[in-house]
Amino acid sequence: MPVADGSNGAATTKPPIWTPRRRLVAAVALAAILIVAAIVAALAVVLPRRPHSSLALPTSVPPASAYTSQVTRSGLASAYVAGSNVGRYSNASTGTAGSGVAAIHAALMPQTGKVAFLERWDVHGTAATLASGAVAWSVEYDYSTDTFRPLTLNTNVFCAGGMVLPDGRLAVIGGAENRSDDTVGALANGMRGVRLLAPSGSPGSSGSADWIDPPNPSALLDPRWYPSVVTLPDGRLLVVGGSNYGVEFNADWSNTPTFEFLPRAAGVSESSPMQFLWDTLPDNLYPAMFVLPSGRVFMFASYKAVLLDPDNGYNPLPMLQFVAGSASPVLSGNSSDTSTTSAASMTCVDESSDSTHLTLSSCVYLDAGSANTTSLVTSSQAFAFLKSDLSSNGLILSTTSGLCWATTGSISSQITLDYCDPSNSTQSFSLTTAKIVHSSSGLCVSATSNLALALASYPWTAASVMLPLDPADDYAPQILICGGSQLECGWNCLTYDCQQACQGTNASTLNSCGLINPEKPWAAADSEDASLGLAAWNMDDIMPMGRVMGDLVNLPDGSVLLLNGAGAGMAGWDKGREPTFQALLYQRYGEAGQRWQALDTSTIPRLYHSSAMLLPDGRVMVAGSAPNDPTSFTEQSATPPAFATEHRVEYFLPPYLTSGAPRPSIDQLSPTAWPAYNATAAAVVSNLDVAGTCPLGPAAVDFALLHTGFRTHSTGHGQRMIWLLKSVVTTGSGNSSASFGLLSPPSPEVAPPGWYLLFAVCGGIPSEGKWVQVGGDPAGFASYSV
């Protein structure tokens, strides 16, 4: 309408309110608001929550003597597992840029919101470049923004080990030979190298630290490609094994059968020998290692396991073997074989010409009550004992009635079985050579031809994890090993030459899982003589499918997530087939026979050189897969196909993040540095879902402490979880919040020094994790340099 402009009374016309330009601006603004709202809603389950409690940290908490453990945690990880809630894969980055480098090695950097990724040298370079234009072989990846910052490496870290040090820096140890090319540049030999990266930056804000990586040929005493690393209770790193050359199967000419410590003590100029690394050739690369609550180190390679004793210089304990119980994942085929036959009618062949193995020339069914009898057997397991084992350690046989230990100084025509429970009677049988087939009703000693032997370490790579240590059962350790590949060439293909000729993409994978408490002797349970130190593998629930190169990840609710891998083949360049896209959940506290649950499926093959890692927000980052040499981002047309190198990063949201249940929140925690063990701390937790998953309120809250480890090649060096003792101090309105006293772990053997994430858990739903430094820096890494 006409209006006066106020100056001369002339009438003007006011422009319309909604011009096309204004409509466009408004539409864009509305779209932006809707997009932001959608992102916030989608990430609501993992974004930090504002404190819901007005409770203050208690000024005092109960003394250490007042804390008790819960009697049982049954159902802890099953409250949310029902119906169609199977978690969800969520893709973050796409294209070849993605992670910048293939995430062959990965480590979570404390307090920064960052993960360090490291790549191998390759003639095709990477998608990350330094400011100078040079190729970057490592990046700092921010998982809150899915962006990366290139980092500088001077040495080849391919197939290294690693660990986040007690002072917070990441150490990457060992590596590969020098490599160079006019296009992508050079990396110096990294086999004796140690390089360090300090944590820097914060979530959403880039750091500034870079690798300290001088080409130092004396940082390690021996060259190490494929070494394993753990943090010991005294804060030092134990570095074990590897090879001095990039091999697919280790050999006597490439073997590094030694161990050493970092930091190195003054005056030490030689590493220590380890016979176990000779005994497990050619399959001893990246041995699985776990520090036990006794301070011993459990180590597994090939199909053998030992305990390393700190009081014996971390050499293997004498006279120690790990025995197949009802079944063994490392000495077995798939457990689906239920064929029945008469032992007397088995076809037996004389394999006495085999100088390596011991097999029987006649079929005998053994029971603890009688010998030299035949019986109907269900043949489901097969394995062989090396003659070297027999001559040095004796022959160990397990039966449904008990355990038999056959002691002998040399192979002879008669073996005497002692300690045969329950009667401890002495038995004997004639033999010339020996192969043993385990059955559901006892032990059938046979020489059936062409039995397959399953191995669990590279390249027949199984996944392994130590289950949560729980004060409710005195921190008894349980080691779970699942999957792996089965030799195609028969049980006696245990040499370098044979495996080189036998390897291929047709190796079948195992769906079996073995569980062992290395510190619980069988003999102690069934006889008065517990001096033998024998521990038993027990068959746990089988997986829905066989898998090699899987990754087992401890989750803060006490369950274990299995991701990545292949359904056929083995580790190595283009040798994995049939990608296993489906995630699986293992519930330690579930009923036997119901511990595995199939979850969501990915669309991205994650084969050789993949990684998976728990994040503080409860998601699991999934990255990597570099199965081809040289790098190719396109799936090859070969038959079967060669799968592409992956830079796409995705996240798996476990069922506790997709259940819709409110998450607890640790609003306050003090202190966040726990240098002393068995010491008290205080926390305030709010947002307890008392109307749903947490009906008992504060009394049902558990606290989990997790070390995420260094991830590479289906191993999690140092991965660990401990349940803490707690005491409710005060409760808030409606029982939905409380202040707690917490008790730090009882000893460095239970929780070696390092950086851990603390989660509050109720009804299977965890809070976000808070960083805690446990045990200080007793080895003095703060002054360690390379």
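Which residue does a disulfide join to Cys-694? The partner is Cys-762, as set out in the second of the close-up views below, each taken from a predicted model.

**View 1. Disulfide between Cys-482 and Cys-513.** The structure holds two disulfides, and one of them is formed by Cys-482 and Cys-513, with the sulfur atoms 2.1 Å apart. Cys-482 belongs to strand 35 (residues 479-482) and Cys-513 to strand 37 (residues 513-516), so the bond ties together parts that are 31 residues apart in sequence. The S-S torsion of Cys-482 and Cys-513 is about 120°, and the disulfide is therefore right-handed. Cys-482 is buried at a relative accessible area of 3%; for Cys-513, also buried, the value is 0%.

**View 2. Disulfide between Cys-694 and Cys-762.** The S to S distance between Cys-694 and Cys-762 is 1.9 Å. Distant parts of the chain are linked here: Cys-694 sits in the loop between strand 50 (680-686) and strand 51 (702-707), whereas Cys-762 is in strand 57 (residues 754-762), 68 residues apart. A torsion of about 80° about the S-S bond of Cys-694 and Cys-762 makes this disulfide right-handed. Cys-694 counts as buried because its relative accessible area, 1%, is under the 20% limit. Cys-762 is buried as well, at 2% relative accessibility.

View 3. Four strands make up an open sheet with antiparallel pairing, in the order 39-40-43-44. From one strand to the next the twist averages 25°. Within the sheet, strand 40 (residues 559-563) and strand 43 (residues 582-587) run antiparallel and are joined by four bridges. Leu-562 stands opposite Leu-584 of strand 43.

**View 4. Asn-564 in the loop between strand 40 and strand 41.** Asn-564 is located in the loop between strand 40 and strand 41 (566-569). Although Asn-564 is not a glycine, its phi is positive, about 70°. Most residues other than glycine have a negative phi. Asn-564 is buried, at 3% relative accessibility.

**View 5. Surroundings of Gln-719.** The loop between strand 53 (715-717) and strand 54 (720-723) contains Gln-719. This residue is buried, with 6% relative accessible area. A polar contact of 3.5 Å connects the side chains of Gln-719 and Arg-711. Beyond its neighbours within four places in sequence, Gln-719 is in contact with residues including Val-465, Leu-552, Val-553, Asn-554 and His-707.

**View 6. Cis peptide bond between Leu-262 and Pro-263.** The bond that joins Leu-262 and Pro-263 is cis, with omega about -5°. Pro-263 is placed in the loop between strand 15 (258-262) and strand 16 (272-273).

**View 7. Loop between helix 2 and strand 17.** This loop, between helix 2 (276-279) and strand 17 (288-291), holds Pro-282. The peptide bond from Leu-281 to Pro-282 is cis, and its omega is near 0°. Most peptide bonds are trans. Tyr-286 lies in the loop between helix 2 and strand 17 and has a positive phi of about 50°, although it is not a glycine. At 4% relative accessibility, Tyr-286 is buried.

Key
Residues numbered from 1 in each chain as written. Heavy atoms only, no water. Pairing = 2+ DSSP bridges. Helix = DSSP H or I, 4+ residues; strand = E, 2+ residues; numbered from the N terminus. Axes fitted to C-alpha atoms, helices over the stretch in contact; angles between N-to-C directions. Buried < 20%, exposed > 50% of the residue type's maximum accessible area, 1.4 Å probe, protein only. Polar contact = N/O pair within 3.5 Å; in protein donor to acceptor, adjacent residues only side chain to side chain. Contact = heavy atoms within 4.5 Å. Disulfide = S-S within 2.5 Å.
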